[in-house]
Each structure stands twice: as C-alpha cells, then as structure tokens.
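Here is a friendly walk through one protein chain, written for someone who likes to think at the level of single side chains. Please keep the sequence and the structure open beside you as you read.

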Amino acid sequence: MINHQTCNVHLVFPVTNQQLLDIEEHRQGHDLQLELHICGFLAYSAKAADSRELFRIPVSTWQNEIQHLGASFGFALSIPLQGPSGARQEATEYLQQGRWLLYDGVPGKAIDSARQVMERTLAGAD
C-alpha cells in the first residue's frame, strides 16, 4: 500500500492595481487562468524538481472578487512633466510626496497631493 501525504502551503503574491488592470485587459471577460511554475533544487546538487500547474478561476468568481475590492481598486494615471522648473517642479515634488503618503497608508492626503500635481501641470501648460 502506498502512503501519499499532502503538504498544504499558503503562498501569497500581492498584485498591484496596474497588474489587476493588465489581467482584466488580457482576460477579456473570460475565465481567469493562472499558471504556477515551481522549480526546486537542493544546494550543491544537480537534482531538481520542476512542476507546472494550471488553475482556472471562473469568470463569476473572479468578478465577485473584483467587486469586493470596491473603491480600493483604482487606475494608474501618467502625468508627463517637462523641465524641473516653476509649476512643473512643484508638481514633481507633490507627485513624490503623494507616492510617499500612499506607501505610508494615508490615501486621502495622497489624493490631495495628486490634485496638486494636476493643478500645477495644468498651470504649467498655459
């Protein structure tokens, strides 16, 4: 009799807003299919193990998960800034400040900083 044992491992891979947007763009309304590729080896050994597994997430399940993200799911906005002087320099500083605020977990102030970026960018375009 063969004794098969299983090992449950919990792996977590953070996904950024941009990655979610890319997934949605490429998924095109269909089920989400993910591939897990595991390649393991022992140090100082030529032996290796290699495995690929495909996982399919039905479209209804994936859309439900996206709905749970709610307002926390956003989009990336590129703001071209030319030259390090005047209003555009101020916009660059607000952009850096906004990024730090976002990483520090202060999204409200980060949004205010982003508004300042857009105002300075528009002022510099005049």
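Let us begin with S113, a residue of helix α4, which spans residues 107-125. Helices here are DSSP runs of H or I with at least four residues, strands are runs of E with at least two, and both are numbered from the N terminus. S113 counts as buried, at 4% relative accessibility. The scale used throughout is relative accessible area: buried means under 20%, exposed means over 50%, and partly exposed is in between, with a 1.4 Å probe and protein chains only. Setting aside neighbours within four places in sequence, S113 touches Y94, L95, Q97, G98 and L101, where contact means heavy atoms within 4.5 Å.

Before going further, a word on where these values come from: this is a predicted model, in which local features need pLDDT of at least 70 and side-chain atom pairs count only at pLDDT 80 or more, while totals for chains, interfaces and linings use all residues. Residues are numbered from 1 along each chain as its sequence is written, and side-chain values use heavy atoms, with hydrogens and water left out.

**The overall layout**

The protein has four helices and two strands. Read from the N terminus, its elements follow the order α-β-β-α-α-α. Of the 126 residues in the protein, 11% are buried. Among contacts with a separation of 6 or more, 48% involve residues 24 or more positions apart.

**Salt bridges**

How many salt bridges does a search of the whole structure find? The search finds four, a salt bridge being a side-chain nitrogen of Lys or Arg within 4 Å of a carboxyl oxygen of Asp or Glu.

| Pair | N to O distance |
|---|---|
| R27 and E24 | 2.9 Å |
| D31 and R56 | 2.6 Å |
| E35 and R52 | 2.6 Å |

R27 and E24 share helix α1 (residues 17-27), where they sit three residues apart, about one turn of the helix. R27 is buried, with a relative accessible area of 8%, whereas E24 is partly exposed at 26%.

The salt bridge of D31 with R56 reaches between elements. D31 belongs to the loop between α1 and β1 (32-41) and R56 to strand β2 (residues 48-57), so this pair ties together parts that are 25 residues apart in sequence. D31 is partly exposed, at 33% relative accessible area, and R56 is exposed, at 54%.

E35 and R52 also meet through their side chains. Because E35 lies in strand β1 and R52 in strand β2, the pair ties together parts that are 17 residues apart in sequence. E35 counts as partly exposed, with 46% relative accessibility, while R52 is exposed at 52%.

**Around H37**

H37 is another residue of strand β1, and it is partly exposed, with a relative accessible area of 39%. Leaving out neighbours within four places in sequence, H37 is in contact with D50, S51 and R52. R52 is also the salt-bridge partner of E35. From H37 to L54 the C-alpha to C-alpha distance is 8.8 Å, and the two are 17 residues apart in sequence.

**How α1 meets α2**

Helix α1 packs with helix α2 (residues 59-69) at an angle of about 150 degrees, their axes being 13 Å apart. Axes are lines fitted to C-alpha atoms, for helices over the stretch in contact, and angles run from 0 to 180 degrees between N-to-C directions. The two helices are therefore roughly antiparallel to each other, a label given to angles over 145 degrees. On the α1 side the contact is made by L20, I23, E24 and R27, and on the α2 side by V59, W62, Q63, I66 and L69. These residues divide into six nonpolar, one polar and two charged. In this grouping Ala, Val, Leu, Ile, Met, Phe, Trp, Tyr, Cys and Pro count as nonpolar, Asp, Glu, Lys and Arg as charged, and the others, Gly among them, as polar.

**A backbone detail**

Where is Q28 found? Q28 is in the loop between α1 and β1, and it counts as exposed, at 59% relative accessibility. Its phi is near 50 degrees, a positive value in a residue other than glycine. Most residues other than glycine have a negative phi.

Notes: Angles under 35 degrees count as roughly parallel, over 145 as roughly antiparallel, 65 to 115 as roughly perpendicular and the rest as oblique.
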